[in-house]
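Dear colleague,

I am passing on the structure we spoke about, together with some notes on what came out of going through it. Please look at it first and then read on.

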Amino acid sequence: GSKLVHLRFPVRYQKIARDGVPVFFERPGPTSKKRQPRIPDPAVRAQVREKVEKVLKRRYMVRSGLKIKSLIRYFPVPKGEDDVRMVYDATANDLNDRVWAPSFWLPSVQSLVRALDKDCWMTDRDVG
């Protein structure tokens with residue numbers, strides 16, 4: 001995924017740019033535990049398994065000892081000719097409608113262009 005170069009932000013915004021904004025529940029969280037639909041194509045299923053295992057190996061998800069209250073749906077979409085990208089769908093279990101996060105300003109292309117001059121360098125790095 002993409003990541004902000006947080007050290008380039010003003011000092012007062014660096015922590016929130018690095019760590020993200022807090023998320024608050026406005027209503028109780030979802031309790032849906034529907035099974036993930038089976039992926040019929042064995043080749044795609046293997047690719048999905050590999051992507052999920054990568055998430056687990058990187059410890060983006062860990063065993064916490066806490067009781068699981070809800071599951072989130074995910075599905076693959078084609079990425080190029082022979083790969084898939086995982087989409088995690090928080091609308092499927094109503095999570096998006098139950099949480100609120102404060103907005104965080106990011107520059108638009110137009111505001112960036114206004115700030116550029118002949119000595120500027122721009123970068124876009126994909127991490128992961």
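**Notes on the model**

Asp94, at 25% relative accessibility, counts as partly exposed. The model is a predicted one, and the notes below should be read with that in mind. Asp94 sits in the loop between β3 and β4, and although Asp94 is not a glycine, its phi is positive, at about 75 degrees. As background, most residues other than glycine have a negative phi.

Asn93 belongs to that loop too, the one between β3 and β4 (99-100). Is Asn93 buried or exposed? Its relative accessibility is 9%, and because buried means under 20%, Asn93 counts as buried. The side chain of Asn93 reaches the backbone nitrogen of Leu95 at 3.1 Å. If neighbours within four places in sequence are left aside, Asn93 is in contact with Pro30, Ser32, Ser70, Leu71 and Ile72.

A positive phi is also found at Arg59, about 65 degrees in this case, and Arg59 is not a glycine either. Apart from neighbours within four places in sequence, the contacts of Met61 are with Val55 and Leu56.

Helix α2 covers residues 42-57, which makes 16 residues, and from its first C-alpha to its last it reaches 22 Å, close to the 22 Å expected at 1.5 Å a residue. At the start of α2, a side-chain oxygen of Asp41 reaches to within 2.8 Å of the backbone nitrogen of Ala43.

Which residues of α2 are buried? They are Val48, Val52 and Val55, and, seen down the axis of α2, these buried residues fall within an arc of 50 degrees, so they line one face of the helix.

One of the pairs is formed by Tyr74 and Tyr88, whose ring centres are 6.0 Å apart and whose planes stand at 50 degrees, so the pair is tilted. Because Tyr74 lies in strand β2 and Tyr88 in strand β3, the pair ties together parts that are 14 residues apart in sequence. Tyr74 counts as partly exposed at 25% relative accessibility, and Tyr88, at 42%, counts as partly exposed too.

Note on methods: Residues are numbered from 1 along each chain as its sequence is written. This is a predicted model: local features need pLDDT of at least 70, side-chain atom pairs count only at pLDDT 80 or more; totals for chains, interfaces and linings use all residues. Side-chain values use heavy atoms; hydrogens and water are left out. Helices (H or I, at least four residues) and strands (E, at least two) are DSSP runs, numbered from the N terminus. The expected span of a helix is 1.5 Å times one less than its number of residues. Buried means under 20% relative accessible area, exposed over 50%, partly exposed in between (1.4 Å probe, protein chains only). The arc is that of the directions from the helix axis to the C-beta atoms. A polar contact is a pair of N or O atoms within 3.5 Å; within protein, one must be able to donate a hydrogen and the other to accept it, and residues adjacent in sequence count only if both atoms are side-chain atoms. Contact means heavy atoms within 4.5 Å. Rings of Phe, Tyr and Trp (its six-membered ring) pair if their centres lie within 6.5 Å; planes under 30 degrees apart count as stacked, over 60 as edge-to-face and the rest as tilted.
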